[in-house]
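Please keep the sequence and the model in view while reading.

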Amino acid sequence: MSFFGFGQSVEVEILLNDAESRKRAEHKTEDGKKEKYFLFYDGETVSGKVSLSLKNPNKRLEHQGIKIEFIGQIELYYDRGNHHEFVSLVKDLARPGEITQSQAFDFEFTHVEKPYESYTGQNVKLRYFLRATISRRLNDVVKEMDIVVHTLSTYPELNSSIKMEVGIEDCLHIEFEYNKSKYHLKDVIVGKIYFLLVRIKIKHMEIDIIKRETTGTGPNVYHENDTIAKYEIMDGAPVRGESIPIRLFLAGYELTPTMRDINKKFSVRYYLNLVLIDEEERRYFKQQEVVLWRKGDIVRKSMSHQAAIASQRFEGTTSLGEVRTPGQLSDSNSRQ
């Protein structure tokens with residue numbers, strides 16, 4: 001970034017100490033594109049240099065101080081004027097004075113708490129970034145560098161299967177079972193569907209993975225549902241006593257861990273949506289929430305001890321609600 005004024009300009013660059021060895025991760029930007037950023041975990045130290053290059057070596061650069069910040073913030077798209085910071089660390093690099101030649105300033109943020117995963121959604125963005133600032137009387141010189149944070153978990157101690165009986169009285173009675181209620185992002189959903197009673201003509205059945213993003217509080221609550229995947233279970237009419245296996249691989253889809261009430265600003269939840277369509281194009285469906293988590297069994301050698309401890313965390317339990325009692329499938333009566 002250059003600053004022009006009073007005959008002097010300066011290029012500011014933020015360089016990480018372990019840039020050559022640190023892993024990069026793809027992350028979706030606000031415009032839907034994917035870019036690679038340096039990847040960090042909770043508890044890891046962030047260190048490097050702020051490099052200042054003067055464009056005109058014959059002239060000095062006066063400033064009111066130089067600093068670098070490490071910031072974690074949440075931005076709600078409907079309230080873009082307000083940035084909600086949950087992490088804010090500052091290091092002063094230089095007192096007010098003048099710069100007569102290009103130079104670099106070292107910085108280190110030790111064992112930085114990064115409690116949430118980086119996320120870019122339809123109505124909200126959670127980002128971490130470094131921001132170097134040269135304070136000037138008229139215009140500050142600012143350079144930002146985004147990083148990506150992944151939250152790691154270990155296998156949950158309790159991971160019961162999901163078993164549910166649903167139906168429409170005297171018309172349809174099915175039982176479906178998923179092997180677990182919590183899945184890591186590269187996991188496989190294994191299950192079975194049993195047809196106990198079939199008196200309506202079913203022509204198609206599928207399982208959808210639905211991501212539900214909830215933002216805001218009170219009157220300013222927004223829900224966005226996004227169908228991440230459609231998995232066809234059956235194409236044709238089932239008969240009584242038939243059993244259909246399910247095997248859905250999650251690795252091929254763009255998924256994030258389940259996020260619950262992040263900083264009291266937003267949540268991201270995932271649902272398995274069982275959909276049946278009859279010959280009259282009526283849709284019957286039943287949703288079941290599952291928890292997704294990022295597998296943290298393999299911890300990089302360069303991770304700090306604090307990061308390794310953080311990877312042991314696992315939060316969130318599946319809300320099964322009424323799933324263990326018979327329920328009635330919803331009939332949307334929609335025609336396609």
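Strand 10 and strand 11 form a hairpin in which three residues lie between the two strands. The model is predicted, so that local features need pLDDT of at least 70 and side-chain atom pairs count only at pLDDT 80 or more, while totals for chains, interfaces and linings use all residues. Residues are numbered from 1 along each chain as its sequence is written, and side-chain values use heavy atoms, with hydrogens and water left out.

**Strand 11 and its partners**

Strands here are DSSP runs of E with at least two residues, helices are runs of H or I with at least four, and both are numbered from the N terminus. Two strands pair if DSSP finds at least two bridges between them. Strand 10 and strand 11 are paired in the antiparallel sense over two bridges, and tyrosine 119 stands opposite leucine 126 in strand 11. A second hairpin connects strand 11 to strand 12 through six residues. Strand 12 covers residues 141-150, and its antiparallel pairing with strand 11 runs over seven bridges. In strand 12, glutamate 144 is the bridge partner of arginine 131. Strand 6, at residues 66-76, also pairs with strand 11 in the antiparallel sense, over 11 bridges. There, lysine 67 stands opposite threonine 133 in strand 11.

How much of strand 11 is buried? Of its 11 residues, 10 are buried, so strand 11 is largely enclosed by the rest of the structure. Buried means under 20% relative accessible area, exposed means over 50%, and partly exposed lies in between (1.4 Å probe, protein chains only).

**Aromatic rings**

A pair of aromatic rings is described by the distance of the centres and the angle of the planes. Rings of Phe, Tyr and Trp (its six-membered ring) pair if their centres lie within 6.5 Å; planes under 30 degrees apart count as stacked, over 60 as edge-to-face and the rest as tilted. The structure contains eight aromatic pairs. In one of them, phenylalanine 86 and tyrosine 116 have ring centres 5.0 Å apart and planes at 70 degrees, so the pair is edge-to-face. This pair links distant parts of the chain, 30 residues apart: phenylalanine 86 belongs to strand 7 (residues 83-94), and tyrosine 116 to the loop between strand 9 (103-109) and strand 10 (119-120).

Phenylalanine 86 is buried, with a relative accessible area of 19%. Phenylalanine 86 also forms an edge-to-face pair with tyrosine 128, at 5.5 Å centre to centre and 85 degrees between the planes. Tyrosine 128 lies in strand 11 (residues 124-134), 42 residues apart from phenylalanine 86, and both of these residues are buried. Ring pairs join Phe70, Phe86, Phe107, Phe109, Tyr116 and Tyr128 into a cluster.

Charged groups also meet rings. A charge sits over a ring if NZ of Lys or CZ of Arg is within 6 Å of the ring centre and within 35 degrees of the ring normal. The charged end of arginine 127 is placed over the ring of phenylalanine 129, 3.8 Å from its centre. Arginine 22 lies over the face of phenylalanine 40, also at 3.8 Å from the ring centre.

**Salt bridges**

A salt bridge is a side-chain nitrogen of Lys or Arg within 4 Å of a carboxyl oxygen of Asp or Glu. The count comes to 22 salt bridges, and the table gives examples.

| Pair | Closest N to O |
|---|---|
| Arginine 294 and glutamate 117 | 2.5 Å |
| Aspartate 208 and lysine 230 | 3.7 Å |

Arginine 294 is buried at 17% relative accessibility, and glutamate 117 is buried at 4%. Aspartate 208 is buried at 3% relative accessibility, whereas lysine 230 is exposed at 53%. Arginine 260 counts as partly exposed at 26%, while glutamate 289 is buried at 7%. Salt bridges that share partners join Glu69, Arg127, Arg131, Glu144 and Asp146 into one network.

**The protein as a whole**

The protein has one helix and 24 strands. Of its 336 residues, 47% count as buried.
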